[in-house]
Amino acid sequence: MSRRWRIIFALLAMAVVAGALYVRALRRRVVRMAESQASEEQARREVVEPPITTPTDVRMKAKMFWISATAADRLEPVEVEMPLSADPVQRSKQVLHELIANPPTPDRRTLPASATLLDFYILPDGTAIADFSDALANETPSGILSEEMAVDSIARTLETNVNRLHRLKILIHGQEAESLAGHVDLTGFYDLNPPSPPPAPLGAATPAQAPAPGGGLTGSSAPGKLKP
Amino acid sequence: MLDPGHGGTDPGARGATGAVEKDIVLALARATRAELERQGFRVVMTREGDQNPSFEDRAALANAQRGAIFISFHVASTGAAGTVRAYSYQFSTTPDSTASADPSNPGLSAPAPVPAGWIAWNVAQKPHTDLSRRLADVLQVELSQKFKGSLEISSAVPVRGLRSVVAPAVAVELSSVAVADPRTLYDMAPVLATAIARAVAAFRPLYEGAK
């Protein structure tokens, strides 16, 4: 091999090594940027929504309803150990804060990361009023399925972790909204802890009464589903 | 009555690869209209082009027809690609006692009194929920046979566009604008149209028997 070819090969080898090092550095930079964005989001949340602590807090397991790890069109309960207040209003705020802030993975998120719970109160008849920021309406992906899962995750998380709630009203920035993101109706109420339907007579099963495949929460027979 | 959702300044769901819900649903509705007309049904559309009638305008147009059924078309942002769901409206089962109880709370609007024999606009769908559910179930069976991975039962969800329709009303939603190639959604139109036409034909005797 002539001297000229040796130089060319050496230069090519150096270029390959330099390229590999550059790609590696680029990857690290992308990871750092993602981490930085996540920590910025966390920092923003800590300022806008500081952790809710009350004197009656007890660390216990709560069930949060996020998108299933195995089926993107279903919700799935996930047990999370966290401080929960004995006061139903504070407890509701705690679980909704957790639902927004800490999904197990980003693709299991049901509510936009930038959404915030502005206020929450409970009327004497058990009606829960949850007032969210505009981001809930503006940044929830448009569509019946995605909007249904967003509202369903709020409703199921509340009814599972807070007693005495009978129905839910969702407000956007203090006002009644026509729909969440163009599809699912927010003008009505959503039943929480609805009574079980009476058993159907034998032989009277219809397709609508059949259990949803996989036991998801969005099928016709799902208990406590959306009913505004 | 066929209702392509969104339109005009409201594009609906948008995918990263260029799929726009308002355009896709219009193509789906047009294909369905052709199939239904071929079978002898009279078809009215809530929009023929890139307009965006309000929910109320769409419902009013449907309510002006006699013996109609209402089918609203949508495309999801999520869900398993190539699957289709049928939805009917479901109202709350708990009585509305709080609305007027707290006038200081602007978020809760009090229901207006309705004269006897009249139907309140915001619950106009209520007397038709059972028929709507049956139509959605018939339709979902057809969809599950035509589109692999689709559920076999319909879902009851408060889809805003169905609430004020005084007729059996369902929404159909394809998944999703997240597909790699938007043409796959347009390619679903002929099969979807056939499934809907078959479901409408199967539902017709149920509807006429209930009237």
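## Contacts and burial in chain A

In this predicted model, 66% of the contacts in chain A with a separation of 6 or more are between residues 24 or more positions apart. Chain A has 228 residues, and buried residues make up 35% of them.

The secondary structure of chain A consists of four helices and seven strands. Along the sequence these elements follow the pattern α-β-β-α-β-β-α-α-β-β-β.

## Confidence in chain A

Chain A has a mean pLDDT of 84, and 78% of its residues reach 70 or more.

Residues 201-224 of chain A have a pLDDT below 50. Beyond near neighbours in sequence, this stretch still has 55 contacts in the model. Where pLDDT is low, the predicted coordinates should not be read in detail.

## A hairpin in chain A

Strand β3 (residues 117-122) of chain A pairs with β4(A) in the antiparallel sense, over five bridges. One of the facing pairs is A:Phe120 and A:Ala130, the latter in β4(A).

The two strands β3(A) and β4(A) make a hairpin, with four residues between them. In the turn, A:Gly126 has a positive phi of about 90 degrees.

## A buried loop residue in chain A

A:Leu180 belongs to the loop between β6 (175-176) and β7 (190-191) of chain A. A:Leu180 counts as buried because 23 C-beta neighbours lie inside 10 Å, and the cut-off for a buried residue is 20 or more.

Leaving out residues up to four places away in sequence, A:Leu180 touches A:Ala137, A:Thr140, A:Glu147, A:Ala150, A:Val151 and A:Leu186. A:Glu139 is 41 residues from A:Leu180 along the chain, and the C-alpha atoms of the two are separated by 9.7 Å.

## Overall form of chain B

Chain B contains five helices and five strands, in the sequence pattern β-α-α-β-β-α-β-β-α-α. The C-alpha trace of chain B spans about 50 × 40 × 30 Å along its principal axes. A compact globule of 211 residues would have a radius of gyration near 17 Å, and the 18 Å of chain B agrees with that.

Of the 211 residues in chain B, 48% count as buried. Among its contacts between residues at least 6 apart in sequence, 79% join residues at least 24 apart.

## The sheet of chain B

Five strands of chain B form an open sheet with mixed pairing, in the order β1-β2-β5-β3-β4. At the edges stand β1 and β4 (155-156) of chain B; each has a single partner strand, so one side of each is left without a neighbour in the sheet.

Strands β1(B) and β2(B) run parallel and are joined by three bridges. B:Pro4 has B:Phe73 in β2(B) as its bridge partner.

## Helix α2 of chain B

Which residues of helix α2 (residues 55-63) of chain B are buried? They are B:Phe55, B:Arg58, B:Ala59 and B:Ala62. These residues are on the same side of α2(B), because they cover an arc of only 95 degrees around the axis.

## The nonpolar core

The largest nonpolar core has 93 residues. Those with the most contacts inside this core are A:Ala130, A:Leu168, B:Phe70, B:Leu139 and B:Val170. The element that gives the most to the core is helix α4 (residues 144-161) of chain A, with eight residues. In soluble globular proteins, nonpolar side chains tend to be buried together.

Apart from neighbours within four places in sequence, B:Val170 is in contact with B:Ile71, B:Ala86, B:Tyr87, B:Ser88, B:Ser132, B:Leu135, B:Ala136 and B:Leu139.

## A partly exposed loop residue in chain B

B:Ser92 lies in the loop that runs between β3 (84-88) and α3 (129-146) of chain B. With 18 other C-beta atoms within 10 Å, B:Ser92 is partly exposed.

B:Pro158 is 66 residues from B:Ser92 along the chain, and the C-alpha atoms of B:Ser92 and B:Pro158 are separated by 9.2 Å.

Note on methods
Residues are numbered from 1 along each chain as its sequence is written. Chains are lettered from A and ligands numbered from 1 in the order in which they are written. This is a predicted model: local features need pLDDT of at least 70, side-chain atom pairs count only at pLDDT 80 or more; totals for chains, interfaces and linings use all residues. A residue is buried if 20 or more other C-beta atoms lie within 10 Å of its own, exposed if 12 or fewer, and partly exposed in between; C-beta atoms are placed from the backbone. Two residues are in contact if their C-beta atoms, placed from the backbone, lie within 7 Å. pLDDT is the predictor's confidence in each residue, from 0 to 100. The radius of gyration is taken over C-alpha atoms; the globule rule is 2.2 Å times the number of residues to the power 0.38. The arc is that of the directions from the helix axis to the C-beta atoms. Two strands pair if DSSP finds at least two bridges between them. A nonpolar core is a set of buried Ala, Val, Leu, Ile, Met, Phe, Trp, Tyr and Cys residues joined through C-beta atoms within 7 Å.
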